[in-house]
Amino acid sequence: MRLAAQGYPHEEFRSDQYDASVMGGRFEELRKAGIDTYFACMVSAGEHYFQSRTLGPPARDLLGPLMEIGEATGVDIHPVVGLAGPVGAGERYYEPPLELEDVPEWALTWPCPSWGANHERAVLIAGELIEVYDSPGLQLDYSRYPDADLLTRNPCACARCTSMRLQWLGKPHPEPEDLLKPGVAFKELQMRTEFVRSYVESMRGLTDTHGIELSAAVRARYYGQALPEGQDWAEWCSDGLIDAVCTITRTATFGEFARLIAQHHRLTEATPAAWLEGLALREHGEKLSRNELERRLHFALKARADGLCLAKASDLGPGDLDMLASVAET
């Protein structure tokens, strides 16, 4: 069984607290708990924490010592690469077609997947991560359009999206009532999924060239969120575009968690990709109890998940790590 954790090193090892021995000690703890892979989010809120010609000088280089400590402790470090969201580093952004007051501020700085320039920039950054740090793998995150609820009311109206819609809709953007028509909804989602898939294909080509793993952290609600946001991760798994999928499940009820697990099993069972069930340790700011966390982990394994991915690593306390060690032995 593969056991992974997703973390934010700049939060876990702050500049005023950073010490290589502290970082090494923490990764020794993670490895003893059975964690063999650490997905490292190295870009956040416009700051990056690795050397990059594309992005310029880093806030500080955390990835260098992180890779050394990972090698010493036996934990594979896979940097996270984003197309959009807080980890994205694009140059062309989502634009709303309707009233701005309906659109949250974060959406206006969301790089739009329709732009090839955004793809190219992300691939350049990923290439630097591989070449400079010799990483054994990369993880894609935020590889999608903004949230489905936002897109229902305000589909992207950037120049690229609107020019494509003129070809199949005859106008720059659909109104909410248009999206109630199955044909229009199909064409809109097809457009979004093709743009995002093109980005994933570029990343697949890069990782294939270097012979390293490509994984993706994805939306757990495949039909309700992933597909409307252009993230057809089931197709990526089926077509061999990614080696592993981390379905990051955030839900407050065990019943919904169980339903999502069953869906993830069905969607990945016949594909070559490994399924790592991702579990958020906090729900609405509240951390899951250790008993509930253990219950969900065992349930995912009974559903024949290939492994588990915990988010975030900083939320794993000593008791949680002891529990993980016992789960890893089962």
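1. Two residues are said to be in contact when heavy atoms of theirs lie within 4.5 Å. The structure discussed here is a predicted model.

2. Helix α12 spans residues 318–328, and its buried residues are Asp320, Leu321, Met323, Leu324, Ala325 and Val327. Which elements cover these buried residues of α12? Among them are the strands β1 (2–7), β11 (286–287) and β12 (307–311), together with the helices α2 (20–32) and α11 (290–302). As a general point, residues three or four places apart in an α-helix point the same way, because there are 3.6 residues a turn.

3. The largest pocket has a volume of about 420 Å³. Its lining consists of 19 residues, and those closest to the centre are Tyr142, Arg144, Arg219, Ile248 and Arg250. Strand β7, residues 213–219, gives the most to this lining, namely 3 residues.

4. How is the lining of the largest pocket divided by class? It contains 9 nonpolar, 7 charged and 3 polar residues.

5. The second largest pocket has a volume of about 160 Å³. Residues in its lining include Ala148, Leu151, Thr152, Pro176, Glu188, Arg192 and Pro228. Two elements, α5 (148–153) and α7 (182–210), each give two or more residues to the lining of this pocket. Helix α7 gives the most, with 4 residues.

6. By class, the lining of the second largest pocket comprises 8 nonpolar residues, 1 polar residue and 2 charged residues. The reader may locate Leu179, Leu180, Ala185 and Leu189 in the structure above, as these residues also belong to that lining.

How values were computed
Residues are numbered from 1 along each chain as its sequence is written. This is a predicted model: local features need pLDDT of at least 70, side-chain atom pairs count only at pLDDT 80 or more; totals for chains, interfaces and linings use all residues. Side-chain values use heavy atoms; hydrogens and water are left out. On a 1 Å grid over the protein atoms alone, a cavity is a set of points where a 1.4 Å probe fits but cannot get out, and a pocket is an open set with protein on both sides within 12 Å along at least five of seven lines; lining residues have an atom within 4 Å of a point. Grid points are joined across faces, edges and corners, and a volume is the space filled by probe spheres set on the points. Ala, Val, Leu, Ile, Met, Phe, Trp, Tyr, Cys and Pro count as nonpolar, Asp, Glu, Lys and Arg as charged, and the others, Gly among them, as polar. Buried means under 20% relative accessible area, exposed over 50%, partly exposed in between (1.4 Å probe, protein chains only).
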